[in-house]
Amino acid sequence: MKILFATSEVFPLIKTGGLGDVSYSLPNALVELGHDLRLILPAYGNMLKKLNKDNCKEIGQLMIPGAGHIHKARVLLFTENETGVPLVLLDIPGLYGHRENPYVDNKKQDWPDNAESFTVFSRGVAMIANDEIDCGWRAEVVHSNDWQTGLVSGFIKQAGLDIKTVFTIHNLSYGGNFSHEIFTGLDLPQAWWTLDGIEFYGNFSMLKAGIVFADHITTVSPSYAEEICTAEAGYGLEGVLSHLKHKLTGILNGIDPDIWNPRTDPYLATNYDARYRRLKGKMDNKTALLHGFGLTHDNEPLIGFIGRLVEQKGVDLVVSIIPDIMESTNSKLIMLGSGQPEYERELLDMAKHYPDRMIVTIGYSEAMAHRIEAASDIFLMPSRFEPCGLNQMYSQRYGTLPVVHRTGGLADTVVDASETNINNKTATGFVFDKTDRNDFLQTLRHAIDLYENKKIWNQMTMTAMQKDSSWQSSAEKYLELYQS
Ligand code: ADP
Ligand code: GLC
């Protein structure tokens with residue numbers, strides 16, 4: 001099949017979170033299954049710098065309407081590039097050339113022209129899918145992701161093209177909502193401004209556009225597919241999602257088995273796997289990481305956290321339990337992330353308070369993320385909601401047992417260390433039920449206590465490491481969907 005995969009970020013060229021990982025690993029899995037897939041992104045300046053110009057071919061030009069004027073776009077194709085699959089970039093320097101981060105400026109404010117930039121990108125995707133550049137490649141299916149590409153299916157429908165569209169919701173809390181004035185300025189079809197169109201509480205929502213116009217909607221775990229049809233997790237879209245449930249499927253994300261493999265991971269001090277030198281290799285990584293920060297290692301459990309420091313991730317719950325954990329156990333804690341300034345400050349203050357026990361790094365580092373996964377014994381993911389979550393699966397592969405809230409993809413990927421699950425050797429982590437500090441604290445304490453029981457702990461890490469979280473079966477589900 002000819003598949004055009006439209007996304008606003010992709011590992012390793014430009015990544016802010018899990019969408020970047022999925023936009024890398026799912027297309028690679030689809031190509032491995034024998035399909036003719038092209039990735040398409042805006043040509044952010046930051047990304048163009050990283051690509052080898054010798055591999056670039058201009059395959060066409062387009063004139064694309066934006067807010068009040070027409071943008072001239074060059075369409076670039078990199079057949080060889082870091083994503084592993086053919087990459088098409090829509091190059092409009094005035095819109096994307098200055099962007100280091102796809103969504104925000106260096107003061108973490110949304111780019112003021114986000115509505116126009118992603119509308120123009122979505123128009124471009126529809127035109128390229130239909131081969132309006134006349135390069136001899138026309139898509140049968142366009143798969144778009146999150147609000148930035150939400151309008152793609154609308155433009156394809158509007159033009160009456162015989163191209164099928166799939167839209168994936170990675171996170172319903174980012175709606176891409178803009179005013180009526182912007183709607184008019186972008187010259188979007190007036191007929192779209194209705195309750196069952198893209199109007200959304202007096203504004204319009206690009207995410208809702210993806211939902212209403214796509215031939216099929218997916219989200220990234222079966223549990224999240226159920227949750228978003230309820231008022232609790234639906235962000236006001238639960239009505240339309242329940243109504244369209246017949247075209248909504250939850251397909252669990254996978255992880256890339258080569259990028260996240262403790263046996264070959266180039267960032268690690270010592271490589272290890274579930275069979276050979278498992279305990280020793282993992283222990284070496286813990287010693288190396290702690291020593292690197294000037295800390296000692298005395299066989300205490302190391303607790304890790306990596307992620308965006310935002311409410312979704314339950315960072316406030318982590319902050320609220322740190323004093324208890326520090327006072328009542330001998331654990332050490334290492335955290336990596338960036339996000340809301342108040343959380344960054346609170347965590348740095350706490351690290352100052354427990355200098356021998358707690359490390360906090362504010363920033364973004366692929367290398368350190370890999371090292372934390374390998375070095376930690378326990379990984380924290382108390383997310384309020386989690387469409388899928390990748391870090392709990394990376395943790396399991398690295399023999400690091402996750403402590404997670406029973407929500408979305410966390411509920412679908414972690415088997416709780418209940419007595420029954422321990423006895424039948426299926427447990428792969430620790431799951432608590434309520435978004436509540438006490439529930440979280442109690443579950444983390446259970447994990448810390450169980451860490452002393454080496455027989456059970458080793459059994460659990462072994463089960464977690466051997467679990468298959470690869471893309472194989474999920475990629476096949478996407479293909480079935482495309483084919484249907
Ligand atoms: P989300 O997409 O909601 O942020 P996921 O768990 O799906 O959550 O994916 C997050 C991805 O981003 C993981 O690959 C994680 O390792 C990575 N990540 C998040 N924050 C950082 C950071 N500060 N440094 C390095 N990697 C990070
Ligand atoms: C989103 C979600 C996360 C998911 C990722 C990739 O950012 O917050 O749960 O894993 O997308 O689908």
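This is a predicted model: local features need pLDDT of at least 70, side-chain atom pairs count only at pLDDT 80 or more; totals for chains, interfaces and linings use all residues.
# Notebook: cavities, domains and sheets

**Entry: the largest cavity.** I looked up its volume, which comes to about 80 Å³. I then listed its lining and counted 14 residues. Asp21, Ser25, Asp256, Trp260 and Tyr394 lie nearest the centre of the largest cavity. Which helix gives the largest share of this lining? I found helix α1 (residues 18-32), with 4 residues. I sorted the lining by class and got 8 nonpolar, 2 polar and 4 charged residues.

**Entry: the domains.** I checked the domain assignment next. Domain 1 covers 2-254 + 472-483, and domain 2 covers 276-465. I took the separation of their centres over C-alpha atoms and noted 33 Å. I also looked at the contacts between the two. Here 21 residues of domain 1 are in contact with 18 residues of domain 2.

Entry: I moved on to open space. The second largest pocket has a volume of about 320 Å³. I counted 13 lining residues for this pocket. Nearest its centre are Glu232, Ala233, Arg384, Phe385 and Thr407. By class I noted 3 nonpolar, 5 polar and 5 charged residues in the lining. Why do I place this pocket between domain 1 and domain 2? Both domains give residues to its lining, so the second largest pocket lies between them.

**Entry: the six-stranded sheet.** I traced an open sheet of 6 strands, in the order β15-β14-β13-β16-β17-β18. The pairing is parallel. Which strands stand at the edges? I found β15 (358-362) and β18 (430-432) there. Each has a single partner strand, so one side of each is left without a neighbour in the sheet. I noted the twist too: it averages 15 degrees from one strand to the next.

I looked closely at one pair. Strand β14 (residues 332-339) runs parallel to β15, and 5 bridges join the two. Within this pair, I found Leu333 opposite Met358 in β15.

I then checked the helices on this sheet. Helix α12 (residues 341-353) packs on the sheet and touches β13, β14 and β15. The direction of α12 makes about 150 degrees with that of β15. Helix α11 (residues 315-328) lies across β13 (302-309), β14, β15 and β16 (378-381). I noted that α11 runs at about 155 degrees to β13.

**Entry: the three-stranded sheet.** I traced another open sheet, of 3 strands in the order β8-β10-β9. Its pairing is antiparallel. The edge strands are β8 (177-178) and β9 (199-200), and each pairs on one side only. I counted 2 bridges between β8 and strand β10 (residues 203-205), which run antiparallel. In this pair, Asn177 stands opposite Ser205 in β10. What packs on this sheet? I found helix α7 (residues 206-213), which touches β8, β9 and β10. The direction of α7 makes about 55 degrees with that of β10.

Terms used
Residues are numbered from 1 along each chain as its sequence is written. Chains are lettered from A and ligands numbered from 1 in the order in which they are written. Side-chain values use heavy atoms; hydrogens and water are left out. Two strands pair if DSSP finds at least two bridges between them. Axes are lines fitted to C-alpha atoms, for helices over the stretch in contact, and angles run from 0 to 180 degrees between N-to-C directions. Contact means heavy atoms within 4.5 Å. On a 1 Å grid over the protein atoms alone, a cavity is a set of points where a 1.4 Å probe fits but cannot get out, and a pocket is an open set with protein on both sides within 12 Å along at least five of seven lines; lining residues have an atom within 4 Å of a point. Grid points are joined across faces, edges and corners, and a volume is the space filled by probe spheres set on the points. Ala, Val, Leu, Ile, Met, Phe, Trp, Tyr, Cys and Pro count as nonpolar, Asp, Glu, Lys and Arg as charged, and the others, Gly among them, as polar. Domain bounds come from an automatic or database domain assignment.
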